[in-house]
Amino acid sequence: AAKTQDKEVGDGTTTAVVLAGELLKHAEGLLELSVHPTVIVHGYRMASEKAVEILQNLAITVKPRDTTILKRIAETAMTGKGAEICRNTLSDLVAEAVTMIADPSGTVDPENIKIEKKVGGSIEESEIILGVVIDKERVHPGMPKQVRKAKILLLNAPVEFTKTEVDAQITITSPDQLQAFVDEEQKVIRGIADRIIKTGATVVISQKAIDDVAQHYLAKAGILAVRRVKQSDMDKLARATGATVVSSIDEISSKELGYAGNVEERSLSGEVMIFIEDCKNPKSVTLILRGGTEHVVDALSRAVDDAIRVVSVVLEDKKVVPGGGAPEVELSLRLREYAASVGGRSQLAIEAFASALEVIPRTLAENAGLDPIDKIVALRTVHEKGQKNYGLNVFSGETVDMYKNGVVEPLRVKTQAIASATEAAGMILRIDDLIATQKSAAPAGAPGEMDRMGGMPDMGM
């Protein structure tokens, strides 16, 4: 359930797991009342579908360019993950980064935001680079450290003499013949370097090798070159600069070049890196996270990654719900009303589902050192009066309007958590039912399946 939740929306994993556990806890009580597991699973599924329907009606539509809401969503996602001290700074960076990489259609690929973790400096020194930072350095010391208004060539081909694939042996009988081979090799490499220089490129970034001789010619031409760059970084560079990755030296032309306002080799926390920044319309950006220790930076990275994912989801769906346990309390009340209209034994399962949802605000209250019973009663009271956006402020202990206080979450986080938890609980309940059926089907005195398999003890469920 947690893995599915993280893969789909990037946040809400704890909610999914806690809710699944609570559903199983309430199912145990129904089993003791002789309610069949299949009936419970059916009731849970009905409740889950109704809950998603209710959430759709509770959701608030947001505008993609409403940066205030996007920042609040990022802040909510980072709360409780070690990033509270600087969540204002980080939420600004996250909202800006996600907005930049979003396609006009509204789709967002979080992979286009590269996170670079650097130990050293303070958290407030974290920054967004409008381009890509790669963990490489110049291939030749004679090359410039900085290039302004750079014309960038991206290569997925080696800048070196390519050996033939023919398995042949050549006999050299004199030093002149050997020198002729060496001269021809250098001539080929010079030709490749000249072809690159003629395109007008001032920066060359290659996924493959760059020969020492080629480095010399490129350095003489004032070109900054980088080699053996990762495929993922090449893809990000192509999106950020607008360049086309060229896979053949013969296809090199000025039309394939990209642009960056500044390409520079800089030292960051003692490591040399290449900054490709100030791109005109970057569709790939880099977040540099700074912190005093490795553990701090790792915690920040996890929190920021979750924030990026949830902000991306909101940009795609354009729907949010209040946080602080508000939707769970509202769902609990509405599902109890729905259960009364269903009747039968399924009604018991739906009511159990409604009670299980209250584990979220109850856990929030417990973690904040508040009395969970008092807070659940207070939340029920305000929701019965129609205040559907009211949740628990864990800092003041009061019930407040979560939307007005800026505590909001993507709709998809809630719907996915409910779906994941329901499926996980249903799967376990059905497994329990299957084992119980096998045991009861065995005739009295007959050896059980486990006895035939070697006498393993009855574990019970």
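**Spaces and salt bridges**

The largest pocket holds about 1,000 Å³ of space. On a 1 Å grid over the protein atoms alone, a pocket is an open set of points with protein on both sides within 12 Å along at least five of seven lines, a cavity is a set where a 1.4 Å probe fits but cannot get out, and lining residues have an atom within 4 Å of a point. Grid points are joined across faces, edges and corners, and a volume is the space filled by probe spheres set on the points. The largest pocket is lined by 35 residues, and the closest to its centre are Thr 76, Thr 79, Gly 80, Gly 324 and Leu 364. Two or more lining residues come from each of helix H2 (13-32), helix H4 (67-78) and helix H12 (359-367). H12 gives the largest share, 5 residues. Helices (H or I, at least four residues) and strands (E, at least two) are DSSP runs, numbered from the N terminus. By type, the pocket lining has 12 nonpolar, 15 polar and 8 charged residues. Here Ala, Val, Leu, Ile, Met, Phe, Trp, Tyr, Cys and Pro count as nonpolar, Asp, Glu, Lys and Arg as charged, and the others, Gly among them, as polar.

The model is predicted: local features need pLDDT of at least 70, side-chain atom pairs count only at pLDDT 80 or more, and totals for chains, interfaces and linings use all residues. Residues are numbered from 1 along each chain as its sequence is written, and side-chain values use heavy atoms, with hydrogens and water left out.

The whole structure has 2 cavities of 30 Å³ or more. The largest cavity contains about 50 Å³ of space, and its lining includes Thr 15, Leu 19, Glu 328 and Lys 414. H2, helix H10 (326-342) and H14 each supply at least two residues of this lining, which divides into 8 nonpolar, 1 polar and 2 charged residues.

The second largest cavity contains about 40 Å³. Val 41, Tyr 44, Arg 45, Thr 422, Glu 423 and Gly 426 line this second cavity. Helix H3 (37-58) and H14 each give two or more of these residues. Arg 45, in helix H3, is partly exposed, with a relative accessible area of 44%. Buried means under 20% relative accessible area, exposed over 50%, and partly exposed in between (1.4 Å probe, protein chains only).

What about charged pairs? A salt bridge is a side-chain nitrogen of Lys or Arg within 4 Å of a carboxyl oxygen of Asp or Glu. The whole structure has 19 salt bridges. In one of them, Lys 117 pairs with Asp 298, with the closest N and O atoms 3.1 Å apart. Lys 117 is in strand E2 (residues 113-119) and Asp 298 in helix H9 (residues 294-317), 181 residues apart. Lys 117 is partly exposed at 41% relative accessibility, and Asp 298 is partly exposed at 22%.

Glu 358 forms a salt bridge with Arg 336 (3.7 Å, N to O). Glu 358 lies in the loop between helix H11 (344-357) and H12, and Arg 336 in helix H10. At 6% relative accessibility, Glu 358 is buried, while Arg 336 is partly exposed at 27%. Glu 358 also meets Arg 380 in a salt bridge (2.6 Å, N to O). Arg 380 is in helix H13 (residues 372-384), so this pair ties together parts that are 22 residues apart in sequence.
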